[in-house]
Amino acid sequence: QLKLVESGGGLVQAGGSLRLSCAADRTPGSGLNLEYYAVAWFRQAPGKEREAVACISGGEPGSNGYNYAPSVKGRFIISRDNAKNTVYLQMNSLQPDETGVYSCASPPYCVSSRMPTGGTYWGQGTQVTVSS
């Protein structure tokens, strides 16, 4: 199975930036190559439903498809480094209402027509807190 580990969360002031990482566990026998999987970032704010904010399709950089939630388009950038078995989410101009737990997952697809709604494999999540 694919084991995902997020990192990079923390406390940031409104208008600030954070970069989250989603790495596939390289422990022998614990994970597969992330290169072949679509990956999505989800966030769940307190009292709100979980929502997908960005996704990237599998394959080599330069050949990937992307999609972003309207609320983050132009501010968030998702990318992947297959050599490091890692997907990143660069988050800029963060606002307090974007506080929540951010998790990466492996959805069955990442297409431009709609955002993924779930995933087969999930990381444990990383807390992002944006102060006003």
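Here is a short walk through the salt bridges of this structure. The model is predicted, so to speak of local features takes a pLDDT of at least 70, while side-chain atom pairs count only at pLDDT 80 or more, and totals for chains, interfaces and linings use all residues. Residues are numbered from 1 along each chain as its sequence is written, and side-chain values use heavy atoms, with hydrogens and water left out.

The structure holds 3 salt bridges, each one a side-chain nitrogen of Lys or Arg within 4 Å of a carboxyl oxygen of Asp or Glu. Let's start at Arg43, which pairs with Glu51, their closest N and O atoms being 2.9 Å apart. Arg43 is buried, with a relative accessible area of 8%, whereas Glu51 is partly exposed at 34%. (Buried means under 20% relative accessible area, exposed over 50%, and partly exposed in between, using a 1.4 Å probe and protein chains only.)

Arg43 also forms a salt bridge with Glu98, and here the closest N and O atoms are 3.0 Å apart. This pair links distant parts of the chain, 55 residues apart: Arg43 sits in strand S4 (residues 39-44), and Glu98 in the loop between strand S8 (86-91) and strand S9 (100-105). Strands (E, at least two residues) are DSSP runs, numbered from the N terminus.

Now hop over to Arg75, whose salt bridge with Glu98 has its closest N and O atoms 2.6 Å apart. Again distant parts of the chain are linked, with Arg75 in the loop between strand S6 (66-68) and strand S7 (76-81), 23 residues from Glu98. Arg75 is buried at 18% relative accessible area, and Glu98 is buried at 2%. Through shared partners, the salt bridges join Arg43, Glu51, Arg75 and Glu98 into one network.

Technical notes. Helix = DSSP H or I, 4+ residues; strand = E, 2+ residues; numbered from the N terminus.
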